[in-house]
Amino acid sequence: MKMGSVLMFVLLGAQAGLAWANGEDAAALAHYPSAQQVQSDLLATAGNAEPEEIAGRQAGRLLMLHSALAHTASSSGNVSQASRPARQLLDSYSQAYRALEEKMQADPDWREKCGYLGNLFDTCRRQRFAREKNYFQASLQAAQETAQLYFPPEYRDRFVDLTGAGGSRQRFADYQSERREAGRAERGREFRKKLPVILGGFSLIPLAIGIILFAIARRIGSSLARYEFHNTSAGGVVEFASFQASQAHERKRMLQRLVGNVGYLILALGVLGFGLAVGVQVANS
């Protein structure tokens, strides 16, 4: 993670830690469930879920509650700065989470590699645990369900916001939006830097084609001039062996003019592109 992102999370955590001042977060401490209640509630609603799925749900919800409480009970989410009741609850969440992980890792099947078929048919226990844990730890729907289950209506929106990265879903969304805008601006700057090279490179193509066409027109013109030099009478009239030869000569002259005019247009496009490249380079400097 880049240093800028680390600083962002620290700042978000520090801002979230100031929430104690308005009292609503301090009052909400009484509504936070115990670690045992969290596990019991999820076990009661597990249905036909596999043991590793239930454990993943319990682990995820414990982590969600721990993160939300840590960002309101202390500055920057530092658990050691929390009040004694909050710290005890935070410690119980941590211990319960570690116990779940240790229990799952102690199972011999846990160390089995998740192969292609295991992933395809969803038989990998480690993957099922991780999927449920991630969902119950970070998803918006899981946050809303947790808020509705444990907290009074007036605090639910606040709790859901606390479950975001850095202690605030809204601030993290704003941060992501700012980063996207900054990314677009940076890509725009990079493109403008590359634009002179791109325009200059593309302008070489019509320049080269134009020069080639001019060379072809010049060669055709030289051929016509040579013929006329050797076949012009004393009266200044170009002589031809037949009417067809006269027509062929005229068509060749028309071809010379056409090739020359097309070459001029294409060359002008190349010069225009090169001029634009120079103009953009000057504007960037």
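Here are some questions and answers about this predicted model.

Me: Happy to start with the overall fold: how many helices does the protein have?
Reply: Read along the sequence, the pattern is α-α-α-α-α-α-α-α-α-α-α. There are zero strands, and the number of helices is eleven.

Me: What share of the contacts with a separation of 6 or more comes from residues 24 or more positions apart?
Reply: The protein has 285 residues, of which 33% count as buried. Among its contacts with a separation of 6 or more, the share from residues 24 or more positions apart is 67%.

Me: Leaving aside its neighbours within four places in sequence, which residues is Tyr32 in contact with?
Reply: Tyr32 is one of the core residues that touch the most other members. Once neighbours within four places in sequence are set aside, its contacts are Leu65, Ala68, Leu69, Thr72, Leu89, Tyr93, Phe151, Tyr155 and Phe159.

Me: Why does the salt bridge of Glu132 and Arg57 tie together parts that are apart in sequence?
Reply: The closest N and O atoms of Glu132 and Arg57 are 3.0 Å apart. Glu132 belongs to helix 7 and Arg57 to helix 4, so the bridge ties together parts separated by 75 residues. Both Glu132 and Arg57 are buried, and the reason asked for is their placement in helix 7 and helix 4.

Me: Which residues are linked in a network of salt bridges?
Reply: The structure holds ten salt bridges. One of them pairs Glu132 with Arg57. Both of these residues belong to the network, whose members are Glu53, Arg57, Arg131 and Glu132.

Me: Is Glu228 buried or partly exposed?
Reply: Glu228 meets Arg253 in a salt bridge of 2.3 Å, N to O. The pair links helix 11 (residues 243-284), which holds Arg253, with helix 10 (residues 169-230), which holds Glu228, across 25 residues. The relative accessible area of Glu228 is 22%, so Glu228 is partly exposed.

Me: What is the relative accessible area of Ile205?
Reply: Ile205 is found in helix 10. Together with Phe191, Ile198, Phe202 and Ile209, Ile205 forms a nonpolar patch on the surface, with about 480 Å² of accessible area together. Ile205 is partly exposed, and its relative accessible area is 47%.

Me: Which backbone oxygen does the side chain of His71 reach?
Reply: His71 has its place in helix 4. A relative accessible area of 14% makes His71 buried. At 2.9 Å, its side chain reaches the backbone oxygen of Ser67.

How values were computed: Residues are numbered from 1 along each chain as its sequence is written. This is a predicted model: local features need pLDDT of at least 70, side-chain atom pairs count only at pLDDT 80 or more; totals for chains, interfaces and linings use all residues. Side-chain values use heavy atoms; hydrogens and water are left out. A salt bridge is a side-chain nitrogen of Lys or Arg within 4 Å of a carboxyl oxygen of Asp or Glu. Helices (H or I, at least four residues) and strands (E, at least two) are DSSP runs, numbered from the N terminus. Buried means under 20% relative accessible area, exposed over 50%, partly exposed in between (1.4 Å probe, protein chains only). Patches are made of residues with over 30% relative accessible area and no salt bridge: like charges are joined within 9 Å, nonpolar side chains (Val, Leu, Ile, Met, Phe, Trp, Tyr) within 5 Å. Accessible areas come from the Shrake-Rupley method with a 1.4 Å probe; for residues, only the protein chains shown count as cover. A nonpolar core is a set of buried Ala, Val, Leu, Ile, Met, Phe, Trp, Tyr and Cys residues joined through side-chain atoms within 4.5 Å. Contact means heavy atoms within 4.5 Å. A polar contact is a pair of N or O atoms within 3.5 Å; within protein, one must be able to donate a hydrogen and the other to accept it, and residues adjacent in sequence count only if both atoms are side-chain atoms.
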